[in-house]
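User: Can we go through this structure together? I have some quick questions.
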Amino acid sequence: MRADNAPVIRLEDYQPTDYLIDTVSLAIGLHPTETRVTATLALRPNPAGHAGASLALDGDELVFVSAALDGSPLAADAYTASPEKFVLHRPPQQPFTLTIETCVNPTANTKLMGLYRSNGTYCTQCEADGFRRITYFLDRPDVLSVYTTRIEADTDTPLLLGNGNPAEAGALAEGRHFAVWHDPFPKPSYLFAIVGGDLDHVEDVFTTASGRKVKVAVYVERGKRERARYALDALQRAMRWDEEVFGREYDLDVFNIVAVSAFNMGAMENKGLNIFNDKYVLASADTATDSDYANIEAVIAHEYFHNWTGNRITCRDWFQLCLKEGLTVFRDQEFSSDARSRPVKRIADVRVLRSAQFPEDAGPLAHPVRPRAYKEINNFYTATVYEKGAELIRVLKTLVGGQHFRRGMDLYFERHDGTAATIEEFIACFAEASGRDLSAFSQWYEQAGTPRLSARGRYDAGAKTYTLTLAQTTLPTPDQPEKRPMVIPVALGLIGESGRELPLTTADGATDGGVLVLDGAERTVIFTDVVERPVPSLLRGFSAPAILDLDLTDDDLLVLFAHDTDAFNQWQAAQTVATRIIVRAVDALHAGGTVQVPVGLAQALGHFLDARALRDPAFAAQVLSLPGEADIAREIGENIDPEAIFTARKAVRETLGQALAGKLAHLYGELAIDAPYSPDAAQAGKRALRNGVLGLLTAGDAARGEALARAQFDAATNMTDRLGALSVLSLVAGEAREAALQAFYDRYRDDPLVLDKWFALQASIPEAGTLERVKRLLSHPAFSLSNPNRTRALIGSFAMANLTQFARADGAGFAFVADVILQLDPANPQVASRLSTAFRTWKTLEPGRRAHAEAALRRIAAATPLSQDVADIVTRSLA
C-alpha cells in the first residue's frame with residue numbers, strides 16, 4: 001500500500017474490540033540486535049464485541065518466532081503471522097491465554113518507536129502505536145490490562161526498570177541478571193515502558209499527604225548526575241502541588257524518570273517510569289538558560305500530572321487525545337503560574353498559542369481540537385490538541401467558575417478512574433457539578449478555526465451610557481466551510497480616560513463577575529452610570545482563544561498600557577500598538593516610502609520602564625519584546641513578503657533603541673546581579689529584561705551594543721547571560737560574531753545539549769548567507785541527522801524560526817528543507833513529518849515565494865517511497 005493511500009480512520013466508525021486482554025506477562029531478553037520478547041496474554045471475548053470473530057493483533061516490522069494457545073503450540077493453519085499482523089482464526093469463546101514470541105532489533109530501530117537504543121541504553125517509546133513494534137497486541141488506548149514484566153540482560157546492563165513497582169530481582173547464569181516489575185493499575189499498551197542501561201541517578205523519598213513513602217529518582221548518563229537535581233526538585237514540587245490543588249496523590253511505591261539523548265519528542269508519561277528527552281532533565285548554571293530551567297520544571301510537572309489525567313484515566317481512542325494532553329497542559333500551566341509569575345506565564349503561553357496554533361488554525365493543516373478523521377495519528381500531536389486544548393479547559397473554568405470547576409474535576413476523577421473516557425463524559429461532569437447546560441460549549445471541540453471577535457463601542461456623555469457591541473466570525477477551514485458561533489467568555493473592564501477603573505453597571509446584570517458571554521453571532525450591552533469616556537479592556541487574561549479586533553485608536557491603547565489593572569491586557573495594548581506601527585511600516589516600504597515611528601510609543605515605553613522595570617523585570621521583559629515577524633505576518637494575513645516585514649520591524653526597533661538609549665543604558669547597569677546564580681523567578685526576570693535591554697540598545701546603536709555584548713559574553717558566569725550576549729552578537733555581522741561563535745563551540749564542544757543551542761542560533765541568523773552556513777554545518781563533525789535534537793536545532797530552527805531565509809525569494813530555502821525531509825524520512829518519519837509542517841503557511845506568501853513553496857511540496861509528495869507520516873502532512877498542505 002502506498003503511504004498516501006493509507007486508510008482514513010474516522011471517529012464515527014469507532015467500535016470496541018472483540019476481545020479484552022485482562023493481564024499481560026512479558027519476558028524480555030535484552031540483546032543489541034536480537035531481543036526476544038515472549039508475551040503471554042490473558043484474553044476473553046468482549047461482551048460488547050462480535051461473537052466468534054477472529055483475533056487480529058497489530059504488529060509493525062516484527063519477526064515472528066512462535067505462538068501457543070493455553071500452553072500448547074498452535075497448528076500452522078490456526079493463525080497467520082506477518083510483520084504487521086497476527087491473526088488467530090478461531091479463538092476460544094471463553095477466557096484463554098495466547099503466548100507469542102517475537103524478535104526485534106533495538107540497534108537498527110532508527111524510527112525511535114518501540115524498543116530502541118539511545119547511546120547504548122535500551123529504552124521504549126510506545127505512544128501512539130509503538131507497542132506493536134515490540135510484540136503483537138491490540139494496540140489501542142481502550143484496551144486496559146495489568147502488566148507484569150520480567151527483564152533479562154547481561155550484567156553490563158546493570159539497571160533494569162519497568163512500569164509499576166519492583167517485584168523481584170536476581171542473578172542468572174552466564175553473566176545475566178533479571179528484574180521483575182508489576183503494575184497493579186490497568187493501563188493501555190502505549191504507557192508500557194522498560195529501560196536497561198548503565199546509568200547514574202539522584203533520588204529522594206517523597207511523603208504523600210496520607211503519609212505514604214515514595215522513592216523518587218532521576219536516572220541520567222554517567223557524569224551528569226549533578227545536573228539532574230533540579231529535575232528531582234521540580235518533580236517533588238509538582239507532586240505536592242497536585243495534592244494541594246487537585247487532591248491527587250501518587251499511587252505507586254516508586255516514581256522513576258530516565259533521561260535519554262535520542263528521543264522524538266519531549267517526554268513520555270509511562271506509568272511510574274517517565275522517559276525524557278534529556279534536554280528537559282539536565283541543567284546547570286553553566287549549561288542551561290533560565291528558559292531551560294523553566295521548561296524542565298513545566299515538562300517534569302506535565303508528565304507527572306499525566307498520572308491521573310492520562311494514565312489512571314486514559315482516552316477511549318486517539319480522537320480524544322486532547323482529553324489527556326490539553327487538560328494536562330492546562331494543569332502544568334497552572335503549576336508554573338503558581339511557581340513563578342502568573343501574568344508573565346500567561347503572556348508566554350499566549351505567545352506560544354499565537355505563534356504555533358493560530359497559523360495551524362488558519363492553514364491547510366487546520367483541524368478541530370477533537371479531530372473527526374486521520375490517516376496518521378502521530379501527525380495530530382499538534383498545537384491545536386495541546387495548546388488550544390488547554391485554552392478550552394480555561395474557557396470551561398471561566399464559564400462554570402472556580403469552585404464548580406474543582407467539583408467537576410473531582411467528579412471526573414471519581415467517576416472515570418480506571419477507564420478510557422471521552423470528551424462527552426468529561427464535560428458531563430462539569431455540567432452536573434455546575435448545573436449548567438454546556439452543550440454549546442462543546443462546539444469548541446468540534447469546530448476548527450480561530451474565532452475573530454470584533455468590538456465596537458459608543459459613549460453617550462449626556463446619558464452617561466456606553467454601548468458595546470461584540471460580534472464573532474470564524475473563517476472556513478478544510479472540510480468545514482460553514483461555521484457556527486462559539487461560546488466566548490469575554491472578561492472585561494472599563495478604564496476611564498483619567499486612568500481609573502469604572503464600575504460595570506448594566507440593567508440586566510450581563511457582566512456577572514466581570515465576564516460577558518457571547519454565545520451568538522452578535523451581542524450588545526449597555527453600561528450605565530459611566531461618568532467619563534471609557535476605553536474597553538476586553539478579553540482580559542486572554543479569556544478565550546480568539547483574535548480581537550478593536551475600534552480603538554493608538555492613543556486609546558496607550559491609555560490601557562498605562563492604566564489597565566489587568567496585566568495581560570496592559571501588555572497586549574503595547575503589543576497591538578507596536579503591531580500596527582510595523583504593519584504601517586510594511587505598507588510604507590511597499591509604497592516606496594520610509595518607516596515612521598510615532599513618538600507616543602517610545603514615550604509610553606519610557607514611562608513604563610521608569611515605573612515598572614525594576615519593580616517587575618520579568619513583566620517588563622515581555623513588554624519590551626516587540627511582536628515577532630510571524631506575528632506581523634499573521635496580522636497582514638496574505639501576500640506576505642517576509643523581507644519587508646523583517647526590514648520594517650528592524651527599523652522600528654532601531655528607532656525605539658535610539659529614542660530610549662539613555663534609559664536602556666542606565667537600566668542595563670542597574671539590572672546586573674551581584675549574587676550566585678539561581679534559576680528562581682526573581683533572578684530570571686532580571687536577566688530576561690537585561691538581555692532584552694541589550695538587544696534593543698544594539699538595535700539602536702550596533703557598535704555600542706556589540707561592545708556591551710562582547711563584554712557580557714566574556715564575563716558571563718551562567719548560560720543565560722552568555723547565550724543572551726551571543727544572540728545579540730549573532731545579529732551583527734563581522735569578526736566579533738564569528739570569534740564569539742568559535743569561543744562558544746570550543747568551550748562546549750563536548751556537551752551535546754549546549755551544542756544544540758550553537759547550531760540553532762546560527763540557523764536563525766536572518767542573513768542571506770545563513771543557508772550556506774547551515775549547509776556547511778550539515779557536514780560538521782558534531783552534526784548527525786539521526787539525532788532528533790540536533791536535527792530540530794539546525795534544520796528545525798532554520799525552517800521554523802528564520803522566516804526570511806526559509807522563505808527566500810529564490811526558493812532555495814524551501815528546496816533545501818525539502819531535500820532534508822526526503823533524506824530523513826526513511827530513517828525517522830516522525831521527525832521528517834514535523835519538519836514538513838514548516839510549510840503550513842505557504843499559501844499566505846506573495847505569489848513568487850508561494851510558487852517555490854508549492855514546487856518543493858509537490859517534489860516531496862511525488863517521492864517514492866514516502867512514509868505515511870510525511871505523505872499525510874504534505875497531501876493536506878497541498879489540498
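Analyst: Here are a helix pair and some backbone points.

Analyst: This is a predicted model, so local features need pLDDT of at least 70, and side-chain atom pairs count only at pLDDT 80 or more. Residues are numbered from 1 along each chain.

User: At what angle do the axes of H2 and H3 cross?

Analyst: Roughly 135°, with the axes of H2 (residues 290-305) and H3 (residues 321-339) coming within 9 Å. Helices are DSSP runs of H or I, at least four residues; strands are E, at least two. Axes are lines fitted to C-alpha atoms over the stretch in contact, with angles from 0 to 180 degrees between N-to-C directions.

User: Which residues of H2 make the contact?

Analyst: Glu297, Ala298, Ala301, His302 and Phe305. On the H3 side, Arg331, Asp332 and Phe335 are among them. Contact means heavy atoms within 4.5 Å.

User: New topic. Where is the cis bond at alanine 128?

Analyst: It joins glutamate 127 and alanine 128, with omega about 5°. Alanine 128 is in the loop between strand S11 (121-125) and strand S12 (145-154).

User: And what is omega for threonine 864 to proline 865?

Analyst: Near -5°, and that bond is cis. Proline 865 sits in the loop between helices H26 (847-862) and H27 (868-878).

User: What about phi of asparagine 119?

Analyst: Phi is near 50°, a positive value in a residue other than glycine. Most residues other than glycine have a negative phi.

User: Is asparagine 119 buried or exposed?

Analyst: Exposed, at 61% relative accessible area. Buried is under 20%, exposed over 50%, partly exposed in between (1.4 Å probe, protein chains only).

Key: Heavy atoms only, no water.
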